Amino acid sequence: MSFFSDRVKELRKERKMTQRQMANVLGITERSYQRYEAENNPNNETLIKLADYFDVSTDYLLGRSDNPRRQ
């Protein structure tokens, strides 16, 4: 798995949310969201939505930083 897949899955589980609930938050299908936790990185718009929703930096989601805080 990629940094992104691992981190988005971990953040979702911390909030005790299902994949279906996350898909609804993002306005995408559940299958599309499942791909993010499996192998695919999202487009820029979805990446920003995820970072905003979880209140983390995009660099953290992408594995460019181990610090989840936005700067």
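Glu37 lies in helix 3 (helices are DSSP runs of H or I with at least four residues, numbered from the N terminus). Quick ground rules: this is a predicted model, where local features need pLDDT of at least 70, side-chain atom pairs count only at pLDDT 80 or more, and totals for chains, interfaces and linings use all residues. Residues are numbered from 1 along each chain as its sequence is written, and side-chain values use heavy atoms, leaving out hydrogens and water.

**Exercise 1.** Work out whether Glu37 is buried or exposed.

*Solution.* Start with the cut-offs: buried means under 20% relative accessible area, exposed over 50%, and partly exposed in between (1.4 Å probe, protein chains only). Glu37 has a relative accessible area of 4%, so it's buried.

**Exercise 2.** Find what Ser5 touches beyond its neighbours within four places in sequence.

*Solution.* First, locate Ser5: you'll find it in helix 1 (residues 3-14). Next, look for contacts (heavy atoms within 4.5 Å). Ser5 touches Tyr36, Glu37, Ala38 and Glu39. Finally, check its accessibility: at 1%, Ser5 counts as buried.

**Exercise 3.** Describe how helix 2 and helix 3 cross.

*Solution.* Take the axes (lines fitted to C-alpha atoms over the stretch in contact, with angles from 0 to 180 degrees between N-to-C directions). Those of helix 2 (residues 19-26) and helix 3 (residues 30-38) come within 8 Å and cross at roughly 105°. That makes the two helices roughly perpendicular (65 to 115 degrees; under 35 is roughly parallel, over 145 roughly antiparallel, the rest oblique). Now the residues: Gln19, Arg20, Met22, Ala23 and Leu26 in helix 2 meet Glu30, Tyr33, Gln34 and Glu37 in helix 3.
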